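This report describes selected local features of one protein model. Please consult the sequence and the three-dimensional view while reading.

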Amino acid sequence: MTSNPPPAASLRELLSADARQVAPLLLGAVLTYEGRDGTVSVRITEVEAYMGPHDSRHPDPGSHTFRGATARTAPMFGPAGHLYVYFTYGMHHCANIVCGPDGVASALLLRAGEVIEGEELALARRRTSKSPKDLASGPARLATALGLTTADSGRDALDAPFRLELPHTPATDISSGPRVGVSGAGGTHYYPWRFWLTGDPTVSRYKAAKVRTA
């Protein structure tokens, strides 16, 4: 259940904090996209925090920004509340909500969620889905269910046609641990920056990164 959304300015101020601090507050929040095909809303159940470059205050070897800003990662350095959407493995889109002060790289990967509105449209986009609970169970599934692509990277998630609503009551039963599929040091227990609603059936399964062999 969500409350009346706070003014965008207040929500943006909240998101302007460190992504690791924002993460628990975003669990249970609802992200809505009113696209041309219809409306889909997803209740967020799992996120991963990503920070900045190697020479920043909070270097993150698992972040796309670790080696510095690029044209693709520019939104991560922009205002809080905007989207950073990237294309991976030549087939998947993944969506992030940018956090932190303008100019400081920080974002939350939307790892998993529950489709609470627009299930029929989400199913049409995710024809391989076996059940409603796995429609957005994983970052690529979540972005696909919402209809997000790299064309949406940099757009404001706090302004129409998007809407972000925080939960009426902050979640209290939250787990944290290493991020999924992140190689190298960024995927170890030194970076327990994955946060999820404990026991929620839509949370994705943990998988360590595959170790590359020569």
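## The largest pocket

The lining of the largest pocket divides into 19 nonpolar, 16 polar and 12 charged residues. Here Ala, Val, Leu, Ile, Met, Phe, Trp, Tyr, Cys and Pro count as nonpolar, Asp, Glu, Lys and Arg as charged, and the others, Gly among them, as polar. The lining comprises 47 residues, of which Y89, R111, P139, V180 and G181 lie nearest the centre of the pocket. At least two lining residues come from each of strand 2, strand 3 (83-88), strand 4, strand 5 and helix 4.

The space in this pocket is about 1,700 Å³. A pocket is an open set of points, on a 1 Å grid over the protein atoms alone, where a 1.4 Å probe fits, with protein on both sides within 12 Å along at least five of seven lines; lining residues have an atom within 4 Å of a point. Grid points are joined across faces, edges and corners, and the volume is the space filled by probe spheres set on the points.

## Basis of the model

The model is predicted: local features need pLDDT of at least 70 and side-chain atom pairs count only at pLDDT 80 or more, while totals for chains, interfaces and linings use all residues. Residues are numbered from 1 along each chain as its sequence is written, and side-chain values use heavy atoms, with hydrogens and water left out.

## Helix 2

Helices (H or I, at least four residues) and strands (E, at least two) are DSSP runs, numbered from the N terminus.

After helix 2 comes G28, with a positive phi near 95°.

## Cysteines

The whole structure contains 0 disulfides, a disulfide being a pair of cysteine sulfur atoms within 2.5 Å. The sulfur of C99 is 16 Å from the closest cysteine sulfur, that of C94, and is therefore too far for a bond. C94 is buried at 6% relative accessibility, and C99 is buried at 0%.

## Two loop residues

P161 lies in the loop between helix 4 (139-146) and strand 6. The peptide bond from A160 to P161 is cis, with omega near 10°.

V182 is placed in the loop between strand 7 (174-177) and strand 8 (194-197). V182 is buried, at 12% relative accessible area.

Terms used:
Buried < 20%, exposed > 50% of the residue type's maximum accessible area, 1.4 Å probe, protein only.
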